[in-house]
Amino acid sequence: MRITQPTIEGRFLRRYKRFFVDVELDDGSLVVAHCANTGSLLGCLEPGNRAVLRDSQDPARKLRHTLQALRVGETWVNVDTSVPNAVVHEAIERGELPELAGYAQSKREVKYGSNSRIDVLLTRENGERCFVEVKNTTYAIGDCAAFPDAPTERGLKHLDELAREVGAGNRAVQFYFVSRNDVTRFRPADEIDDEYGKALRRAANAGVEVLAYAVDVQPSELRIARRLPVEL
């Protein structure tokens with residue numbers, strides 16, 4: 001998926017109040033940008049890392065710029081959680097995800113469960129449905145991607161709801177959008193949230209399918225690269 005808004009690069013300085021980041025542009029000016037990520041971004045927030053900002057070009061916005069990606073070592077990492085759903089939906093529409101192919105209709109942000117919205121709902125011509133929950137993953141330990149990077153009650157709720165859909169006769173998929181391309185496998189981050197790891201294994205045993213894909217992240221484009229083996 002192409003990023004259609006203009007982007008600029010600079011040097012990450014700090015994150016504060018969760019949703020604010022300071023970035024020094026290459027001309028020396030300072031930009032306060034919005035960080036659309038509620039996680040800890042563990043391993044990504046080293047001062048001095050290269051940063052990509054997306055410019056909304058809207059002077060009425062309190063924070064005109066959004067933090068799009070950070071350079072970690074030799075790899076760009078997408079940190080904007082508003083992007084993965086659109087990338088996955090576009091890849092499904094293009095037939096780039098064989099595990100999610102063959103559906104007549106795909107919709108985003110459909111209400112279901114206990115006051116939740118499923119990221120992508122797929123429907124076959126015969127009415128069979130597949131519920132796809134997308135989780136953005138930035139955390140990595142060596143060559144292994146892991147989720148979550150902070151305790152997540154919301155993530156637990158989503159796993160329970162996916163398992164209920166399987167129990168109701170539907171297909172359900174937990175899709176980990178690994179926002180970096182320097183990893184070779186995926187696992188739950190039990191060392192950060194062991195309850196989530198237990199819930200993921202319960203959900204998998206109940207029939208929820210677990211998919212993880214590495215993503216090639218560039219300053220102006222994100223492209224799903226390859227499926228990763230999942231270690232539960």
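Predicted model: local features only at pLDDT ≥ 70, side-chain atom pairs only at ≥ 80, totals over all residues.

Author: Gladly. Strands here are DSSP runs of E with at least two residues, numbered from the N terminus.

Reader: What makes the phi of Gln57 worth a remark?

Author: Most residues other than glycine have a negative phi. Gln57 is not a glycine, yet its phi is positive, about 60°.

Reader: Why is Gln57 called exposed?

Author: A residue counts as exposed over 50% relative accessible area. Gln57 has 52%, so the word exposed applies.

Reader: How do you know that the peptide bond from Phe147 to Pro148 is cis?

Author: Its omega is near 0°. Most peptide bonds are trans. As for the place of Pro148, look in the loop between β11 and α2.

Reader: How do you know that the buried residues of α2 line one face?

Author: Start with the residues: Gly155, His158, Leu159, Glu161, Leu162, Glu165 and Val166 are buried in α2. Seen down the axis of α2, they fall within an arc of 165°, so they line one face of the helix. On the face turned away from that buried side are the exposed residues Glu153 and Gly167. Among the elements covering the buried residues are β8, β9 and α3.

Reader: What makes Thr152 a cap for α2?

Author: A polar contact needs a pair of N or O atoms within 3.5 Å. A side-chain oxygen of Thr152 lies 2.8 Å from the backbone nitrogen of Gly155, so the pair is within that cut-off, at the N-terminal end of α2. Following α2 comes Gly169, with a positive phi near 100°.

Reader: What do we find at the start of α3?

Author: There, a side-chain oxygen of Asp193 comes to within 3.2 Å of the backbone nitrogen of Glu195. The helix α3 covers residues 194-205 and reaches 17 Å, close to the 16 Å expected. Tyr196, Gly197, Ala199, Leu200 and Ala203 are its buried residues. Down the axis of α3 these fall within an arc of 165°, so they too line one face of the helix. Their cover includes α2 and β14 (209-218).

Reader: Why is the largest pocket called a pocket, and what lines it?

Author: A pocket is an open set of grid points, whereas in a cavity the probe cannot get out. The largest pocket holds about 720 Å³ of space and is lined by 30 residues. Nearest its centre lie Thr38, Thr81, Lys135, Phe147 and Arg154. The largest share of the lining, five residues, is supplied by β9.

Note on methods. Residues numbered from 1 in each chain as written. Heavy atoms only, no water. Helix = DSSP H or I, 4+ residues; strand = E, 2+ residues; numbered from the N terminus. Expected span 1.5 Å × (residues − 1). Buried < 20%, exposed > 50% of the residue type's maximum accessible area, 1.4 Å probe, protein only. Arc of directions from axis to C-beta. Contact = heavy atoms within 4.5 Å. Polar contact = N/O pair within 3.5 Å; in protein donor to acceptor, adjacent residues only side chain to side chain. 1 Å grid on protein atoms, 1.4 Å probe; cavity = no way out; pocket = protein on both sides within 12 Å on 5 of 7 lines; lining within 4 Å. Points joined across faces, edges and corners; volume = space filled by probe spheres on them.
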